[in-house]
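Hi,

Here is the structure I promised to pass on. Have a look at it first, and then read my notes below.

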Amino acid sequence: MQKRAQAGSAFQPIDVKIDLAIARPLASWLKVAIDGRLTTQSGVIDTMDSAGAPVSQLLFTNALVTEVGLPEVGGGLSVVDGAIDIQLDPETTTYQRATAPAGTASANNPQRTLPTAFLFSVEGVTWGAGIHLKPLIWKASADLGTSGGSRTYAKPFTQPTVVATFAASAGSPWKSWITSGAAAKSGTLQYVTASGQPLATVNLIGLVPTRVAPSAMNAGASQTIQTDEVTMSVQRAEIVLPP
């Protein structure tokens with residue numbers, strides 16, 4: 001077993017990537033974490049081989065969520081990684097080999113990440129085709145805590161920065177938004193399957209553009225498209241997973 005020995009000791013966090021389609025049981029934990037309410041969880045991560053047979057287990061205790069990430073979308077990406085990235089900061093971890101009898105295998109193959117499309121909208125602002133959004137990342141840092149004791153966030157969650165890139169010819173509405181006083185707006189980013197089934201929605205509250213800069217996007221065959229990159233701060237970004 002590994003555990004925190006004393007204040008100032010370093011501990012390796014756990015990074016997990018989970019398909020949005022099966023992440024729903026984590027929805028309430030992620031919500032209260034991002035809201036700044038302290039909720040620790042203990043659990044186990046099972047590792048399986050390509051045939052579904054158990055290989056090992058990683059048991060963790062008293063873990064806080066310290067990072068949540070949603071994938072980039074658009075901009076010519078052929079397949080969007082339809083998964084949510086979560087970083088956990090546990091108090092202790094224990095690694096052990098799987099205890100299933102030799103030759104035992106699951107009938108199910110490991111879950112594969114679904115190809116994912118997206119819908120992005122901001123009230124009163126339009127744009128042309130080809131928009132690209134960088135990943136959305138929420139970050140916090142946990143204190144080291146004491147063995148078996150309560151834990152807190154050393155730094156609470158920061159809200160993600162929204163960065164959108166699109167063809168320069170479609171940039172007028174965004175530039176008008178800034179030059180007209182950059183009043184805060186609301187928006188949504190929805191991740192959906194190729195058939196349109198919702199996987200996750202991010203409600204963006206209090207969006208304000210802070211920067212517009214020219215850039216360029218690779219269009220293949222040694223060609224580039226002149227683009228504008230808009231950086232937006234957000235007062236609050238809420239992740240909603242379907243029930």
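Asn62 is found in strand E4 (residues 54–70); helices (H or I, at least four residues) and strands (E, at least two) are DSSP runs, numbered from the N terminus. The phi of Asn62 is near 55 degrees, a positive value in a residue other than glycine. Most residues other than glycine have a negative phi. Asn62 also counts as buried, because its relative accessibility is 15%; buried means under 20% relative accessible area, exposed over 50%, and partly exposed in between (1.4 Å probe, protein chains only).

Before going on, the ground rules: this is a predicted model, where local features need pLDDT of at least 70, side-chain atom pairs count only at pLDDT 80 or more, and totals for chains, interfaces and linings use all residues. Residues are numbered from 1 along each chain as its sequence is written, and side-chain values use heavy atoms, with hydrogens and water left out.

On confidence, pLDDT is the predictor's confidence in each residue, from 0 to 100. The protein chain averages 78, and 75% of the residues score at least 70. Strand E1 (residues 2–3) has the lowest confidence, with a mean of 49, while E7 has the highest, at 92. Over residues 5–10 the pLDDT stays under 50, and the model has 5 contacts for them beyond four places in sequence (contact means heavy atoms within 4.5 Å). Residues 101–110 are also below 50, with 13 contacts in the model beyond near neighbours in sequence.

Now for E7 itself, at residues 83–89: 6 of its 7 residues are buried, so the strand is largely enclosed by the rest of the structure. What does E7 pair with? Strand E2 (residues 14–19) pairs with E7 in the antiparallel sense over 6 bridges, and Asp15 stands opposite Gln87 there. E4 and E7 also run antiparallel, joined by 5 bridges, with Val65 and Leu88 as bridge partners. (Two strands pair if DSSP finds at least two bridges between them.)

Val65 turns up again in the largest nonpolar core, which has 48 residues. Val65, Ile84, Phe120, Trp138, Trp174, Tyr191 and Val202 touch the most other members, and E4 supplies the largest share of this core, 6 residues. By nonpolar core I mean a set of buried Ala, Val, Leu, Ile, Met, Phe, Trp, Tyr and Cys residues joined through side-chain atoms within 4.5 Å.

Have a look at Met232 too, in strand E16 (residues 223–240). Met232 counts as buried because its relative accessibility is 0%. Leaving out residues up to four places away in sequence, Met232 touches Thr161, Val162, Ala164, Trp174, Trp177, Leu207, Val208, Pro209 and Thr210.

How many aromatic pairs does a search of the whole structure find? It finds 1. The rings of Tyr153 and Phe157 have centres 5.7 Å apart and planes at 70 degrees, so the pair is edge-to-face. (Rings of Phe, Tyr and Trp, its six-membered ring, pair if their centres lie within 6.5 Å; planes under 30 degrees apart count as stacked, over 60 as edge-to-face and the rest as tilted.) Tyr153 is buried at 13% relative accessibility, and Phe157 is buried at 11%.

Best wishes
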